[in-house]
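Reader: I would like to learn how to read salt bridges, a sheet and a surface patch. Please take me through them on an example.

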Amino acid sequence: MKRRNLLRKLKKGFTLVEMVIAIAVFAVFSAGTAAVLVPVLNVYSGAVQLSDAQLVAANILDAVQNELVYARPDREPEISEDGSLIEFNGVYPNTRITSAPAGETPGYLYIARSAQANFVPCYDERYYRSDTVEVFFAKAGESHALTVTVTVKDRNGRAVYTAKQSVTPLAWVS
């Protein structure tokens, strides 16, 4: 009898059944946590993507405005039929801005600062992360104001954010 009591005292630990139950309880709690976290992470990811798209669109609009605001009155800005290209005399004569130049990767902002100059990306491709942009120009009625529309798209081509801004060159502001 003493020996049996001694063996029970020495035999410390969990039985196989206890271990299986503990693992099952842990699995249930883990599955519940994952079910709660996945939608939260999806919302967070979407918010980050929207925030990045807003930042890219704002910077693109600023870059375009910085060029257009100095358009000179000696030449009315010319906009292509599809609105994707604008040419004007700014700080540099024959300045051209587009997001889809021939021979270049479309989806980024490009500026050429003369008629003979090649288009140069305004920002490095890494700046856009995996997004692309489309920039469209239009004349705003009879005034000299120009409307610039920037659409930021994700890698699947889905529009994430669109921003519009009216720009009036300083030469025509009265």
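Author: Start with one residue. At a relative accessibility of 44%, Glu78 counts as partly exposed. Keep in mind that this is a predicted model.

Reader: Which side chain meets Glu78 in a salt bridge?

Author: First the general idea. Side chains of opposite charge can pair when their charged atoms come close. Here, the side chain of Glu78 meets that of Arg75, at 3.4 Å from N to O.

Reader: Is Arg75 buried or exposed?

Author: Arg75 counts as buried, because its relative accessibility is 14% and the cut-off for buried is under 20%.

Reader: What is the N to O distance between Asp74 and Arg72?

Author: The closest N and O atoms of this salt bridge are 3.7 Å apart. Asp74 is exposed, at 53% relative accessibility. Arg72 is partly exposed, with a relative accessible area of 32%.

Reader: Now the sheet. What is the order of its strands?

Author: The general idea comes first again. Strands of a sheet pair through backbone hydrogen bonds, either parallel or antiparallel. In this model, five strands form an open sheet in the order S1-S2-S3-S4-S5, and the pairing is antiparallel.

Reader: Why is one side of S1 and of S5 left without a neighbour in the sheet?

Author: Strands S1 (78-79) and S5 (120-121) stand at the edges, and each has a single partner strand, so one side of each has no neighbour in the sheet.

Reader: How many bridges pair S3 and S4?

Author: Three bridges pair S3 (residues 95-98) with S4 (residues 110-112), in the antiparallel sense. For Ile97, the bridge partner in S4 is Ile111.

Reader: Last, the surface. Which residues form the nonpolar patch?

Author: Tyr70, Val91, Tyr92, Leu170 and Val173 form the patch, and together they have about 510 Å² of accessible area.

Reader: Where does Val91 lie?

Author: Val91 lies in the loop between strand S2 (85-88) and S3. Val91 is exposed, because its relative accessible area is 56% and the cut-off for exposed is over 50%.

Terms used
Residues numbered from 1 in each chain as written. Predicted model: local features only at pLDDT ≥ 70, side-chain atom pairs only at ≥ 80, totals over all residues. Heavy atoms only, no water. Pairing = 2+ DSSP bridges. Helix = DSSP H or I, 4+ residues; strand = E, 2+ residues; numbered from the N terminus. Salt bridge = Lys/Arg side-chain N within 4 Å of Asp/Glu carboxyl O. Buried < 20%, exposed > 50% of the residue type's maximum accessible area, 1.4 Å probe, protein only. Patch = residues over 30% accessible without salt bridge, like charges linked within 9 Å, V, L, I, M, F, W, Y side chains within 5 Å. Areas by Shrake-Rupley, 256 points an atom, 1.4 Å probe, with all protein chains shown as cover.
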